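Keep the viewer open as you read.

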Amino acid sequence: ETQGQPPKGPEKEVGQIPRTFLGAVGSPTVLTKNQCVFFKLNNGARGTIVAFLFKPGEQPPQHFPVAAVVSFPAYDGPAFFRGAGREKWVPVPVNRSFSKDESGATGQRAGHATRTGLPLRAGYATVAHKTQGGSFGDSKDVEFMIAHVANHISMEKLFLGLIYTLFSRVEKDSDWALGEAIDADRITYVNSAPGMASRRWEDARLKMASAHTERKYAHLKSLAAF
């Protein structure tokens with residue numbers, strides 16, 4: 001439910017609460033808002049929906065749940081539910097959030113939108129930004145990644161290093177694949193980007209310093225001389 005000034009765009013979030021919730025028992029889901037970072041219930045945490053909780057006397061589809069029970073493999077807090085296999089089950093309650101005004105301030109006043117809903121998104125796929133901090137591979141929440149990368153550099157110009165963030169999530173080459181072929185320029189653009197000028201200068205300086213060190217101590221390459 002959204003009240004107040006509507007946000008811009010058909011899918012614009014209000015306070016990290018999606019406009020539409022899509023989920024079912026057994027479906028993968030992703031947190032969109034920090035709930036308890038200390039227990040690893042942070043924005044981007046992945047899990048599987050195991051149940052929905054409703055107020056007494058209410059039921060779907062007429063009523064919206066008050067919470068979704070999600071199994072988060074990375075959860076590191078006290079158990080909410082008794083029974084073996086339920087140690088990672090966490091009730092994610094409906095959250096109420098406020099949008100920001102043009103000054104960046106957040107609050108309940110004129111000009112702000114408020115939204116009440118579940119801070120969850122369907123977890124079948126995600127965007128590169130949300131993968132930051134994640135690790136994919138054997139025995140992980142995600143064991144294999146298929147990356148769909150647009151074959152142009154518009155996003156990389158806006159978010160330099162985005163493709164590195166995406167490709168560095170996996171532990172082994174066998175843990176991922178490209179959904180479509182891309183040109184080499186799409187990967188190497190970061191090396192020629194204007195924003196990387198200082199990095200290129202530093203790389204050149206280190207390369208020169210390394211060459212100087214090798215020349216100065218060339219005699220130590222011999223084990224006997226060393």
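**From the surface inwards**

The protein exposes about 14800 Å², and carbon and sulfur atoms supply 57% of that (areas come from the Shrake-Rupley method with a 1.4 Å probe; for residues, only the protein chains shown count as cover). Bear in mind that this is a predicted model: local features need pLDDT of at least 70, side-chain atom pairs count only at pLDDT 80 or more, and totals for chains, interfaces and linings use all residues. Residues are numbered from 1 along each chain as its sequence is written, and side-chain values use heavy atoms, with hydrogens and water left out.

The secondary structure comes to 5 helices and 10 strands (DSSP runs numbered from the N terminus: H or I of at least four residues for helices, E of at least two for strands). Of the 226 residues, 26% count as buried (under 20% relative accessible area; exposed is over 50%, partly exposed in between, with a 1.4 Å probe and protein chains only).

Val70 has a relative accessible area of 0%. Leaving out residues up to four places away in sequence, its contacts (heavy atoms within 4.5 Å) include Ile49, Trp89 and Leu120.

Now for the charges. The structure holds 5 salt bridges, each a side-chain nitrogen of Lys or Arg within 4 Å of a carboxyl oxygen of Asp or Glu. One of them pairs Lys172 with Asp138, with the closest N and O atoms 3.0 Å apart. That pair links distant parts of the chain, 34 residues apart: Lys172 is in the loop between α3 and β10, Asp138 in the loop between α1 (128-131) and β9 (145-147).

Glu156 and Arg186 form another salt bridge, at 3.3 Å between the closest N and O atoms. Glu156 lies in helix α2 and Arg186 in helix α4 (residues 184-192), so the pair ties together parts that are 30 residues apart in sequence. Glu156 is buried at 1% relative accessible area, and Arg186 is buried at 6%.

Which buried residue has no salt bridge? Arg169: the nearest side chain of opposite charge, Glu171, is 10 Å away (Lys and Arg count as positive, Asp and Glu as negative; His and the chain ends are not counted). Arg169 sits in the loop between α3 (162-167) and β10 (176-178). Neighbours within four places in sequence aside, its contacts include Gln132, Ser135 and Phe136.
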